[in-house]
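Have a look at the sequence and the model before reading on.

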Amino acid sequence: MTGRDFSRGFACAVLLACFGDAAIAQIYPAQPIRVLLPYGAGGVADITARVLAQRLSQAMGQQVIVENRPSAGQIAASEAVMKSDPDGYTLLWFNQGHAVSVSLFNSLPYDPARDFAPISTVGFFGMALLVDAKSPYKSARDLIAAAKASPGKLNVGTTNPGGTQYIAAELFKSMAGVDFQTVPFKTTPLIIASVKTGDLQAMVEILAPVMPHIKSGSMRALAVTFDHRFPELPDVPTLAEAGVPGYEASAWNGVAAPLKTPKTVIDRLNREINAAVTHVEVRQRLMGLGVDPRGSTPEELHRLLVSETAKWKKVVEAAKIPKQ
């Protein structure tokens, strides 16, 4: 711990001891806030976090800084936040990966559901089931029928095993009652190239990197994985509408703080985040990325984490994805 961190934590402790949460609320934030992001720069989560951070900086009068700390299972960023002073100045970009990682790792240095204070969701990242524009499959029902007619013969591309797209494809396979090969790739461009050559018959990908291909007509979106139609693609049905009743798979992002962060600080951050995601410019920017901006209460974020952990545990076990 640096001298600055010690001084900050000591001052926070003194204020709490002398005046309680109300004193903290009156001066918070008194310095820049860091949001530790468990991913590298340039991805959808990173852009979303920076759009939110810019708006929060304007609204709160202090700079909100996004700090990238990528690592397997989100461990580096998450452990750093867990060990930080609970003063509201070090936050975690909380996400679906925290729910999935519980089933992918033999052990974690924290419990996502117990060792953090949820603040709010920020947005939900829908995915799409896509084929090439020249594909004979005009709908999800066509693809499902082909998979049932030739079990194990169709290839569906996604990112690496354990990734959001991979487990969403496995959930599709399970709920549709079909058998196809889920083929993992390292990058989206490689998946798209393989769909174009016919090595893959379909792909499952987060909307952001494929939106230009859908809008240009070079790829056909058979369905989206949201539980509702995405406003930017109003003519594309959900998978639940397109033949897989009850299907829903969305990556989601939110913000959490270290456990024992004062409730008044959590409440302030919750209000600011919920206001930010309803701001016209923020909504337009995020919707263009394929993100459905949506805030929540801290309790709703906690319930989401718990339910998603249970949901994806079943999918990971059914797919027999080995633990790390």
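A residue counts as buried when its relative accessible area is under 20%, and as exposed when that value is over 50%. With that in hand, keep in mind that this is a predicted model.

**Helix H4 and its cover**

- Helix H4 runs over residues 75-82, and its buried residues are Ile75, Ala77, Ser78 and Val81.

**The Ser78–His98 pair**

- Ser78 sits in helix H4, while His98 belongs to helix H5.
- Which side-chain contact links the two? The side chains of His98 and Ser78 make a polar contact at 2.7 Å.
- Ser78 has 0% relative accessibility, so it counts as buried.
- His98 comes out at 0% relative accessible area too, and is therefore buried.
- Leaving aside residues up to four places away in sequence, Ser78 touches Leu92, His98, Tyr110 and Phe116.
- With that same exclusion, the residues His98 touches are Pro38, Gln74, Ser78, Leu92, Trp93, Pro112 and Leu305.

**H3 against H11**

- Helix H3 (residues 44-60) packs with helix H11 (residues 280-288) at about 175°, and their axes are 10 Å apart.
- Angles over 145 degrees count as roughly antiparallel, so that is the label for H3 and H11.
- On the H3 side, the contact uses Ile47, Thr48, Val51 and Arg55.
- H11 brings Val282, Arg285 and Leu286 to the contact.
- By type, the residues of this H3–H11 contact split into 4 nonpolar, 1 polar and 2 charged.

**Nonpolar cores**

- The largest nonpolar core holds 81 residues, and the members touching the most others are Leu129 and Phe172.
- Strand E4 supplies the largest share of this core, with 8 residues.
- What does Leu129 touch, once residues up to four places away in sequence are set aside? Its list includes Ala140, Leu143, Phe172, Ala202, Met203 and Val204.
- Also on the Leu129 list are Arg220, Ala221, Leu222, Ala223 and Leu239.
- There is a second, separate core of 26 residues, and Tyr28, Ile33, Tyr89 and Val277 are among its members.

- Going from Tyr28 to Pro29, the peptide bond is cis, with omega near -5°.
- Pro29 is in the loop between helix H2 (21-27) and E1.
- Gln74 isn't a glycine, yet its phi is positive at about 65°.
- You'll find Gln74 in the loop that lies between strand E2 (64-68) and H4.
- Is Gln74 buried or exposed? Its relative accessible area is 9%, so it is buried; Gln74 is also one of the residues His98 touches.
- Lys260, another residue other than glycine, has a positive phi near 75°.
- The loop holding Lys260 runs between E9 and helix H10 (263-277).
- Lys260 has 73% relative accessibility, so it counts as exposed.

Key:
Residues numbered from 1 in each chain as written. Predicted model: local features only at pLDDT ≥ 70, side-chain atom pairs only at ≥ 80, totals over all residues. Heavy atoms only, no water. Buried < 20%, exposed > 50% of the residue type's maximum accessible area, 1.4 Å probe, protein only. Helix = DSSP H or I, 4+ residues; strand = E, 2+ residues; numbered from the N terminus. Axes fitted to C-alpha atoms, helices over the stretch in contact; angles between N-to-C directions. Parallel < 35°, antiparallel > 145°, perpendicular 65-115°, else oblique. Contact = heavy atoms within 4.5 Å. Nonpolar A, V, L, I, M, F, W, Y, C, P; charged D, E, K, R; others polar. Core = buried A, V, L, I, M, F, W, Y, C linked by side-chain atoms within 4.5 Å. Polar contact = N/O pair within 3.5 Å; in protein donor to acceptor, adjacent residues only side chain to side chain.
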